[in-house]
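Please keep the sequence and the model in view while I talk.

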Amino acid sequence: MSEGIDDSVLFRVEGRAAHVVLNRPRALNALTHTMVSRIDEALTAWEHDPAVETVVITGAGERGLCAGGDIRSIHEDARTGGTASADFWRDEYRLNARIADYPKPYVAVMDGIVMGGGVGIAAHGGVRIVTERSRVAMPETGIGFVPDVGGTYLLAKAPGELGTHLALTGEAVGAADALLCGLADHFVPSERLPALLAELADAPAHEVVARHAAEAPGGELAGHREWIDACYAAGTVEEIVERLQGHGTPAAKQAAETILAKSPTALKVTLAALRAVPGLGSLGRALEQEYRVSCAALTAPDLVEGIRAQVIDKDRNPRWSPATLAEVGEADVARFFAPLGERELALTQEVS
């Protein structure tokens, strides 16, 4: 492991447990390329260390595990035609796949905000803990991007059309809904986390988590399954919005309004990506598809404009191009899935 490079991610071993602490609390622990590389190095070292039984990932500060990737740097890269973001995603997605296949218990403490890239380093783990403070989301369509880091794979596996709802709206969910959608495994009250983390030094993860797990407070999505499954089963984003608007349930109408504020191109690409996942058959192939989509997004106008509106200028008034769903044609969507040739992620040659 490379020590002393910076303190954006911290490592320590306590008894049987090795700890990764994302340490950029002022940036809500947003991931950088350096952080991804150092985590991967640590996982390599610990995988072959017989003294390490469990790996634990947490976030510094009180606000959350990780808000995602560093989108200010992605904005600059996309604006100037750089390649740094594609290089970052290549290593990030490989790390996501590695976490899914990690041979030792990988405990992700999804306390507070867990969005985008934060989902990627947590929700592929073998032991995923949420608390009453958890807010889990893949909000990419709001910045002209598409769910990545294996998010399309996770959301496509959610019951019914819940994953489609979360992908298109970018809605954040609490503990019970994260459990329902398969984004987490256990609810642990936040007040029990210090004891849980301490006990991992001396006992197997499954025993420790079982001691501290409880029933999650009630969620919202289970009560909305009827209209979510009926409306989002439609074949196009336009028809989904039409069904939502015509359903008569206030929450369905609100979902339609939320969707219509997102990037029309990102919405259509997201739906196409989700619908393709079952045929891909594995996380690795889904990540390969996401890499094509993400690289294409770098050269599309909506990513720069979406980040500008939400993060740079914060006027919350993106000017999408094309501006409406009707203007986004099949060819506009298809270009996001075009093969990359020598630049392919080619993950499934190594990870099934």
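Before I describe the sheet, one definition is needed: two strands are taken to pair if DSSP finds at least two bridges between them. Please also bear in mind that what we are looking at is a predicted model.

With that in hand, the sheet is an open one made of six strands, and if we go across it the order is β1-β2-β3-β5-β7-β9, with mixed pairing. Which strands stand at the edges? They are β1, residues 9-14, and β9, residues 186-187, and each of these has a single partner strand, so one side of each is left without a neighbour in the sheet. Further in, strand β2, which covers residues 17-22, runs parallel to strand β3, residues 54-59, and the two are joined by six bridges.

Let me turn now to the empty spaces. Rolling a probe the size of a water molecule over the atoms shows where empty space is left. In this structure there is one cavity of 30 Å³ or more, and the largest cavity holds about 50 Å³ of space. Its lining includes Val136, Ala137, Leu154 and Leu155, and both β8, residues 135-137, and α5, residues 151-156, supply at least two residues each to that lining. By class, the lining of this cavity divides into nine nonpolar residues, no polar ones and one charged; Glu171 is also among the residues that line it.

The largest pocket is a separate matter, with about 910 Å³ of space in it. Of the 37 residues that line this pocket, the closest to its centre are Ala67, Gly69, Ile71, Ile143 and Val311. Which element gives the largest share of that lining? The answer is α15, with four residues, while the elements that each supply at least two residues include α2 (71-80), α3 (84-100) and β6 (113-115). Taken by class, the lining of the largest pocket has 20 nonpolar, six polar and eleven charged residues.

The second largest pocket has a volume of about 280 Å³, and of the 20 residues that line it, those closest to its centre are Ala86, Cys295, Leu298, Thr299 and Arg343. Here α2, α3 and α14 (283-298) give two or more residues to the lining, and the largest share, five residues, comes from α14.

Finally, I would like to look at two helix contacts. Helix α6, residues 162-169, and helix α12, residues 250-260, have axes that come within 8 Å and cross at roughly 45°, which makes α6 oblique to α12. In this contact, His165, Leu168 and Thr169 of α6 meet Ala255, Thr258 and Ile259 of α12, and these residues divide into three nonpolar, three polar and no charged.

In the other contact, helix α11, residues 237-247, packs with helix α13, residues 264-280, at an angle of about 100°, with the axes 9 Å apart, and the two helices are therefore roughly perpendicular to each other. On the α11 side the contact is made by Val237, Glu238 and Ile240, and on the α13 side by Leu267, Lys268, Leu271 and Arg275. By class, that contact has four nonpolar, no polar and three charged residues.

Methods: Residues numbered from 1 in each chain as written. Predicted model: local features only at pLDDT ≥ 70, side-chain atom pairs only at ≥ 80, totals over all residues. Heavy atoms only, no water. Axes fitted to C-alpha atoms, helices over the stretch in contact; angles between N-to-C directions. Parallel < 35°, antiparallel > 145°, perpendicular 65-115°, else oblique. Contact = heavy atoms within 4.5 Å. Nonpolar A, V, L, I, M, F, W, Y, C, P; charged D, E, K, R; others polar. 1 Å grid on protein atoms, 1.4 Å probe; cavity = no way out; pocket = protein on both sides within 12 Å on 5 of 7 lines; lining within 4 Å. Points joined across faces, edges and corners; volume = space filled by probe spheres on them.
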